[in-house]
Amino acid sequence: MPQNSQTRLRPLRQIELPIRQAPPELKIRSDQDVEVWKSTRGYADYLLFLHRLSESVVGYMLSPTNLPEQSQEIGHILDLLQTLSDWVDEVPPLQTPQRFGNLAFRKWGARLEERSEELLANLLGEKFATASPYLKPYLLTSFGSFLRMDYGTGHETSFAIFLLCLTLIGFFKPEPDNERHLVLSVFVRYLQLSWKLQDVYKLEPAGSHGVWGLDDYSFLGYILGSGQLRDQTDITVASVLNPPLPPSNLYFMSIMRIYQVKHGPFFEHSSQLHSIAVGVPNWGKVNSGLFKMYEAEVLAKRVVVQHLPLGGLMEWDVDVVQHHAPPISRDVPASADTRAPWTNPR
């Protein structure tokens, strides 16, 4: 059984139903609101959840044979994602000349909006039914903007928050075995669906940083994948420069996705990932650096998080004491620079 440091992390708190707070809504409209968001209980819960997911898969590869049987709840959310994938087949792209943004994506999105309550009712059952209004906004914002017809790290974050909220109410048990399934089964299936949506409907990257960004569309696959690889030394960080890569972890899956959709030298179109490959000595530093970069480049960027519904289960409570914050990575001293270790000021 792979060893990991899951026991180092605090348990995720649980929220009893019915929920007393108002449902989530858009709250971030200024840079000051971003600073408020970073001090809330919801923000602390989210970071702790991501750390727990990453820790749960240390030493576990994709399609592991030593995982316990998945729970019914994991099966239900996989069924939901399969339904959404089937809808893509039922809503083919229109024959239009646009390079980005096939209008059929809006039809797919309209179906999601029309049937979201039915999907959630089937997922939650009677026991968790009262949580539906608190989950619906995250489900609707997990797959891209139907207005702008784009997809980016904010939409991916919305899906991760959707999983967090399901865990906070106890639908998913906050235990290592369930958390591994959330990564190795559910998040993998979500990535595959998001790639399918991007390919079929030609979704534009939302807020792309171009060659200076980590990835045009996503981020969490790199965090969770580097978590899988963190404590081993047989696979080097530089191995990503020698495709094809086996689909054994989320980091390799994400890298191979780039090789499939981008052309030209890797160091030109993916300079950040190339810098990691040639400049970071081990997967532990990759993992801790990516956590820092995600906070700085995704969660602290108003243009990204202004589209996240907040409040409700993602409590907008600024009176959060320090013990709610996730632990500082063992690789990063408390006084460390907030930049990822491979970045240089330009």
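Trainee: Quick one to start: how many residues of α2 are buried?

Mentor: That would be 16 of its 16 residues. So α2 is largely enclosed by the rest of the structure. Keep in mind that this is a predicted model.

Trainee: Okay, and where does α2 sit, and what span should it have?

Mentor: Helix α2 covers residues 41-56. With 16 residues at 1.5 Å a residue, α2 should span 22 Å, and its end C-alpha atoms are 22 Å apart, which agrees.

Trainee: Switching to charges. How many salt bridges does a search of the whole structure find?

Mentor: The search turns up 17. One of them pairs E25 with K27, with the closest N and O atoms 3.6 Å apart.

Trainee: How accessible are E25 and K27?

Mentor: E25 has a relative accessible area of 46%, so E25 is partly exposed. K27 has 22% relative accessibility and counts as partly exposed too. Buried would need under 20%.

Trainee: What does E35 pair up with?

Mentor: E35 forms a salt bridge with K38, and the closest N and O atoms there are 3.6 Å apart. E35 counts as partly exposed at 43% relative accessibility, and K38 does at 35%.

Trainee: Which salt bridge partner does K136 have?

Mentor: K136 bridges to E117, the closest N and O atoms being 3.2 Å apart. This pair links distant parts of the chain: K136 is in helix α5 (residues 132-140) and E117 is in helix α4 (residues 104-124), 19 residues apart. K136 has a relative accessible area of 23%, so K136 is partly exposed.

Trainee: New topic, the greasy inside. How many residues are in the largest nonpolar core?

Mentor: The largest nonpolar core has 107 residues. Those with the most contacts inside it are W37, Y46, W108, L135, F143, F162 and Y251. Helix α7 (residues 176-201) gives the core its largest share, 12 residues.

Trainee: Why would nonpolar side chains end up together like that?

Mentor: In soluble globular proteins, nonpolar side chains tend to be buried together.

Key: Residues are numbered from 1 along each chain as its sequence is written. This is a predicted model: local features need pLDDT of at least 70, side-chain atom pairs count only at pLDDT 80 or more; totals for chains, interfaces and linings use all residues. Side-chain values use heavy atoms; hydrogens and water are left out. Helices (H or I, at least four residues) and strands (E, at least two) are DSSP runs, numbered from the N terminus. The expected span of a helix is 1.5 Å times one less than its number of residues. Buried means under 20% relative accessible area, exposed over 50%, partly exposed in between (1.4 Å probe, protein chains only). A salt bridge is a side-chain nitrogen of Lys or Arg within 4 Å of a carboxyl oxygen of Asp or Glu. A nonpolar core is a set of buried Ala, Val, Leu, Ile, Met, Phe, Trp, Tyr and Cys residues joined through side-chain atoms within 4.5 Å.
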